[in-house]
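Please read the following report alongside the sequence and the model, which are shown first.

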Amino acid sequence: MLYLGGICFLITLFLFWYKFMYSPYQFFKKFGLHSPPTVPFFGNIFDIFKVGSICALKKWSKEYGKVFGYYIGAQPYLAVLDPDILKEIMIKKFDNFTERKKEFGFLTEIRKKAKISSIMLSMNKQDWKRTRAIVNPAFSAKKLKMVSPLIERSCDTLVEIFSDISRKNNGAELWRIFGQFSMEVILATAFGCQVNILKGEKNFLTEAATGIFTPNLYNLLSDLCTQIPFSIKFFGLFFAKRLKLTQYHSTARNFIFHVINQRHLQSYKNTNVDLLQLLMEAKAEDDQICPGSKQLTDEEITSVSLFFLLVGYDTSASLLGFTAYLLAMNPDKQNKLSQEINKYYQCNKDSSLYDAAHSIEYLDWVIKESQRIYAPASMTFRECENTCTINGVTIPAGCTVMIPIQVLHQSVEHWEQPDIFRPERFSPHEKESHHLMCFMPFGAGPRNCIGIKFALMEAKMCLTSLLRKYKFEKAPDTQVPLKTRIGLTQSPANGIFLRVLSNGF
Ligand code: HEM
């Protein structure tokens, strides 16, 4: 009896080892793909902890080439750094790679607790097609020009605030201020809410949004728990109630809910057809979605709105902060940009801020070069629907392709002296020399960032109005080199301290 018990125990142990510790890590081997050695149950999580995801990816690509696998827990990721293969995945074979990484684990539980359904980043093919078609018109060039006066209003407030900062010798932390600016802009343009965030109103919103985007342990833990699915439910339920992250989600969601209710209560029809109006007009009767319809449920309207609020805030704040930092560290480039802005206004005295911002070519190069050095969205994903072979590489069905935007932007193979800030790389004369897929701050293909034109308009208008009057300079507290915090997005780890001076024009 004891003998039989012993055998049963050993068999159980073997099955446990096979299922959780051996078999998951054979995934890439089966398809002839290389991957770094793994630690059972944890995969390559410790390598990432040790040096950070970007350094780990750079190191692995040196050892295993431009396509290799790695594991977070038991979750397999295929990192692709080959621009030709990326072009196939993101553009040519988009139908087979329409979805991103599926959302699971703690974050789903946290969102459920805050009554938020699937966000647009992780929507499945059908829901994404339906939602994107509804939202697209809000981002047309014509619509964006219509909302530009709202951005100009926040630019004017920002100039006032910078006037105060320019009197301080030690400078100020600018990333937070750019965050308030971008929150104010997205609220006004997409939701019709004129809130003076820059003057201190509703600061709890920027706090919640920052909290949601700060990379945290839970993303990694989520992936770890995929091996034992019930643990996600268990830990998710246990932690979700107690975490600050849940509170942040609830705060942001409640605010959006309030804005939607206010819009419902307005007796007149909103004439400025903003994003929220488009979403609300797509509301399905009784929350029933018919196949092929262009409608949204109530919960989807809240979730999509919330996502736009968050994503519009975080990435734009980082873009502005990183650009200010790079200009401060490269005074010759900053001088050139200020001169170009000044020259433009000398010839076009009555130009609108919108027109000025879109006419200064050098500004466009500066913003591109800033995004190349510090990509505000450091990575994106695509899920492979059916196994396929691209340029001799087999990509298994169900595999999550990881597209390391920041690593591509820093590749020595594609960029000469990638650490040097040189906006001229993007001049018409030079830009042909880099592969299209080695520069993709907004992703690529049909599922790229929907907010490209909006984000660029906002950043260009903001920098034009600031650099007409001020220049950025290194302050005693400026961190050099700048440390960044990398999750799905990239932001400065300890803010951006800079001095602001009048530029004498
Ligand atoms: C500097 C600012 C921004 C950067 C760098 C950025 C970057 C990105 C990237 C890399 C993606 C993934 C694209 C892909 O997978 O191919 C994305 C998706 C997305 N972004 Fe942005 N973004 C920015 C600003 C914005 C703004 C202002 C909005 C909206 C107001 C926005 C809305 C979205 C949406 C809705 C998606 C999901 C698109 C989809 O799944 O169809 N983004 N963004």
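W17 counts as partly exposed because its relative accessibility is 39%, where partly exposed covers the range between buried (under 20% relative accessible area) and exposed (over 50%), computed with a 1.4 Å probe and protein chains only. This residue lies in helix α1 (residues 2–22), helices being DSSP runs of H or I with at least four residues, strands being runs of E with at least two, and both being numbered from the N terminus. The model is predicted, so that local features need pLDDT of at least 70 and side-chain atom pairs count only at pLDDT 80 or more, while totals for chains, interfaces and linings use all residues. Residues are numbered from 1 along each chain as its sequence is written, and side-chain values use heavy atoms, with hydrogens and water left out.

W17 also belongs to a nonpolar surface patch that includes Y3, I7, F14 and Y22, and the patch has about 1,000 Å² of accessible area together. Such a patch is made of residues with over 30% relative accessible area and no salt bridge, nonpolar side chains (Val, Leu, Ile, Met, Phe, Trp, Tyr) being joined within 5 Å.

At the ligand, the iron atom has a single protein donor, the SG atom of C449, 2.3 Å away; donors are N, O and S atoms within 2.8 Å of the metal (3.2 Å for Na, K and Ca), and water is not among the atoms, so sites may look incomplete. C449 is placed in the loop between α19 (428–431) and α20 (452–467).

An open antiparallel sheet is formed by three strands in the order β3-β11-β8, two strands being paired if DSSP finds at least two bridges between them. Because β3 (172–173) and β8 (470–474) stand at the edges with a single partner strand each, one side of each is left without a neighbour in the sheet. Between β3 and β11 (residues 497–502) there are two bridges, and A172 has L498 as its bridge partner in β11.

The whole structure holds 18 salt bridges, each defined by a side-chain nitrogen of Lys or Arg within 4 Å of a carboxyl oxygen of Asp or Glu. Among them are these pairs:

| Pair | N to O distance |
|---|---|
| K145 and D355 | 3.8 Å |
| E369 and R372 | 2.8 Å |
| R499 and E473 | 3.2 Å |

R499 lies in strand β11 and E473 in strand β8, so this pair ties together parts that are 26 residues apart in sequence. E369 and R372, by contrast, both lie in helix α17 (residues 361–373), three residues apart, and both are buried.

Definitions and conventions. Patches are made of residues with over 30% relative accessible area and no salt bridge: like charges are joined within 9 Å, nonpolar side chains (Val, Leu, Ile, Met, Phe, Trp, Tyr) within 5 Å. Accessible areas come from the Shrake-Rupley method with a 1.4 Å probe; for residues, only the protein chains shown count as cover.
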